[in-house]
Amino acid sequence: MTEEQLSTIWKAVLTAVKDEFTPAVQRTIFKQTNLRSVEGATAEVGVENAFAKSFLQKYAEDMLVTHLQKAGAGEISLIRFVIQPSSVHREKKTISSVRVEPALFTQGRSTIEPNPALASNLNPKYTFGSFIVGNRNRLAHAAAKAVAETPGKLYNPLYLYGGVGLGKTHLMQAVGNEIIAKDPNKKVLYVSCETFTNEFVSSIQGAKRDEFKKKYRNIDVFLVDDIQFMAGKEGTQEEFFHTFNALYQSDRQIIITSDKVPSEIKDLEERLSSRFSMGMIADMQLPDSETRQAILKAKCQEKGINLPDSIVTYIAESVETNIRELEGALTTVLLDLHSRHAQPSLEEVRRALRAFVTPEKMARKSSALQLAEIVCEFYGTPLEDVKGPRRQKELVRPRQVLMYLLKHELGMTFPTIGREIGGRDHTTAMHAVTKIEKEMKRLPETLDELQRLKEYFYAHK
Ligand code: ADP
Ligand code: MG
């Protein structure tokens with residue numbers, strides 16, 4: 001087969017498997033792959049590193065075999081994954097502007113006195129054992145596992161991002177807990193971004209900079225939660241930059257979580273966001289219904305409670321926001337059943353959950369409805385058609401515009417938007433929003449149209 005043929009086949013395969021994996025998996029794993037050869041029943045696929053290799057072997061091999069056949073590669077039955085590091089791979093030790101305070105590091109670790117204040121801050125509940133893996137958090141989980149096994153070596157930093165309540169803190173702390181379990185001498189430190197900021201600020205006020213530095217630069221594993229809150233805090237960012245570099249230079253593991261990718265955090269210095277992107281960036285999204293059921297079952301087991309499958313399914317399907325709320329819903333149901341000594345019937349559960357609608361969600365829901373009404377009025381199309389399956393141009397337009405506004409004005413997530421607008425897939429919503437965004441840049445009349453719609457909406461509110 002010529003190189004061109006191989007490349008065409010591989011492109012077709014990648015397109016076919018695209019929807020099965022999250023964008024981060026596509027970016028970090030698939031983007032760096034190529035089809036090197038096809039000989040008999042064996043296809044050889046080049047991958048960037050050992051992690052990608054084991055990930056693909058575990059989760060994608062069968063699917064790739066099927067799609068290779070479909071794309072005309074012949075009767076493939078086996079894939080050999082070959083590691084071929086790309087030349088642009090992390091240039092680890094060559095960060096130019098690094099300033100490491102020499103005194104702290106030439107001291108060597110053993111001469112530094114143990115700092116009693118250096119508790120790890122970890123919650124022992126957050127372990128890998130209690131973390132359920134599904135298709136929407138698989139990359140993050142696999143990367144976290146790899147980091148726990150060889151901290152400081154493979155992915156540094158590991159950057160986990162995703163919406164609230166989707167398991168970022170849990171997974172990050174699972175790494176810390178596992179490292180300490182294996183080697184209690186390892187110094188793991190978990191801090192929220194706020195804690196870091198506050199301690200930094202009070203270290204300046206109390207002239208305790210050295211103490212601060214000693215605390216933060218003498219650790220093996222540094223876990224920083226919700227880094228987005230560092231936005232706009234210049235002094236803290238500066239200090240964090242040096243902390244990061246000091247740790248990174250000496251191969252200490254850093255894990256960061258955030259609600260967005262580094263480049264989307266507003267008012268975050270470029271030099272920080274580029275460092276955050278040096279290791280692995282993995283996303284965490286809302287797990288599908290089966291995974292949510294598995295999570296609920298695990299939580300029930302933890303509590304020693306046995307709920308019928310039909311009820312577990314019902315709860316899993318009624319909560320589609322995040323796992324924290326899923327747990328909340330379970331607690332609500334259990335408390336309700338307990339307080340009324342009721343048998344867990346579906347009817348009882350439904351009743352119990354009816355109350356489980358947060359005011360915030362209510363407000364958002366009514367705004368969403370308002371927005372939908374305005375869009376429909378504007379385009380003169382009935383809402384049920386906009387939500388419905390038909391794909392005529394006159395319906396597609398308001399549908400996409402509505403999706404765009406739900407995203408930008410109400411901050412709804414893609415899965416929620418997809419679901420609200422006729423039970424569509426999150427990728428459909430994502431596609432619609434991107435399309436409108438692009439068009440607004442290109443066409444002044446679209447920009448104007450959206451501007452007017454927004455004005456109507458805010459005038460109605
Ligand atoms: P985030 O930091 O992303 O806001 P958390 O890590 O605090 O989310 O998770 C919220 C709750 O959901 C926690 O109680 C956590 O244990 C639970 N949780 C999240 N993801 C999972 C998972 N995959 N398996 C089991 N529990 C999970
Ligand atoms: Mg968190």
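**Basis**

This is a predicted model: local features need pLDDT of at least 70, side-chain atom pairs count only at pLDDT 80 or more, and totals for chains, interfaces and linings use all residues. Residues are numbered from 1 along each chain as its sequence is written, chains are lettered from A and ligands numbered from 1 in the order in which they are written, and side-chain values use heavy atoms, with hydrogens and water left out.

**Overall make-up**

The chain contains 21 helices and eight strands. These elements are DSSP runs, numbered from the N terminus: helices are H or I with at least four residues, strands are E with at least two. Of the 461 residues, 47% are buried. Buried means under 20% relative accessible area, exposed means over 50%, and partly exposed lies in between, for a 1.4 Å probe and protein chains only. A contact requires heavy atoms within 4.5 Å. Among contacts in the chain with a separation of 6 or more, 75% join residues 24 or more positions apart.

**Two helix pairs**

Two packed helices are described by the angle between their axes and the distance between the axes. Axes are lines fitted to C-alpha atoms, for helices over the stretch in contact, and angles run from 0 to 180 degrees between N-to-C directions.

| Pair | Angle | Axis distance |
|---|---|---|
| H12 (residues 289–303) and H14 (residues 323–339) | about 50° | 11 Å |
| H6 and H7 (residues 168–182) | roughly 25° | within 9 Å |

Angles under 35 degrees count as roughly parallel, over 145 as roughly antiparallel, 65 to 115 as roughly perpendicular and the rest as oblique. H12 and H14 are therefore oblique to each other. H12 crosses H14 in a right-handed sense. A crossing is right-handed if the near helix is turned clockwise from the far one by less than a right angle, and left-handed if anticlockwise. H12 contributes Arg292, Ile295, Leu296, Lys299, Cys300 and Lys303 to the contact, and H14 contributes Ile323, Leu326, Glu327, Leu330 and Leu334. By class, the H12 and H14 contact residues are seven nonpolar, no polar and four charged. Ala, Val, Leu, Ile, Met, Phe, Trp, Tyr, Cys and Pro count as nonpolar; Asp, Glu, Lys and Arg count as charged; the others, Gly among them, count as polar.

H6 and H7 are roughly parallel to each other. Their crossing is right-handed. On the H6 side the contact uses Ala140, His141, Ala144, Lys145, Val147, Ala148 and Glu149, and on the H7 side Leu171, Val175, Glu178, Ile179 and Lys182. The contact of H6 with H7 holds seven nonpolar, one polar and four charged residues.

**One face of H2**

Which residues of helix H2 are buried? In H2 (residues 23–30) they are Ala24, Val25, Ile29 and Phe30. Down the axis of H2, the buried residues fall within an arc of 165°, so they line one face of the helix. The arc is that of the directions from the helix axis to the C-beta atoms. The cover over the buried residues of H2 includes helices H1 (3–17), H3 (50–59), H4 (61–70) and H6 (138–149), and strand E8 (280–284).

Val45 sits in strand E2 (residues 42–47). Val45 is buried, at 0% relative accessible area. Leaving aside neighbours within four places in sequence, Val45 contacts Trp10, Thr33, Asn34, Leu35, Arg36, Ile79, Arg80, Phe81 and Val82. Val45 and Gln84 lie 39 residues apart in sequence, with a C-alpha to C-alpha distance of 9.6 Å.

Leu405 belongs to helix H18 (residues 393–410). Leu405 is also buried, with a relative accessible area of 0%. Beyond its neighbours within four places in sequence, Leu405 contacts Leu371, Val375, Leu410, Leu450, Leu453 and Lys454. Ala368 is 37 residues from Leu405 along the chain, and their C-alpha atoms are 9.1 Å apart.

**Backbone features**

Most residues other than glycine have a negative phi, and most peptide bonds are trans. The peptide bond from Asn156 to Pro157 is cis, with omega near -5°. Pro157 is in the loop between H6 and strand E4 (158–162).

Ala207 has a positive phi, near 50°. Ala207 lies in the loop between helix H8 (193–205) and helix H9 (209–217). Ala207 is exposed, at 69% relative accessibility.

Asp226 also has a positive phi, about 60°. Asp226 is in the loop between strand E6 (221–225) and helix H10 (234–249). At 23% relative accessibility, Asp226 is partly exposed.
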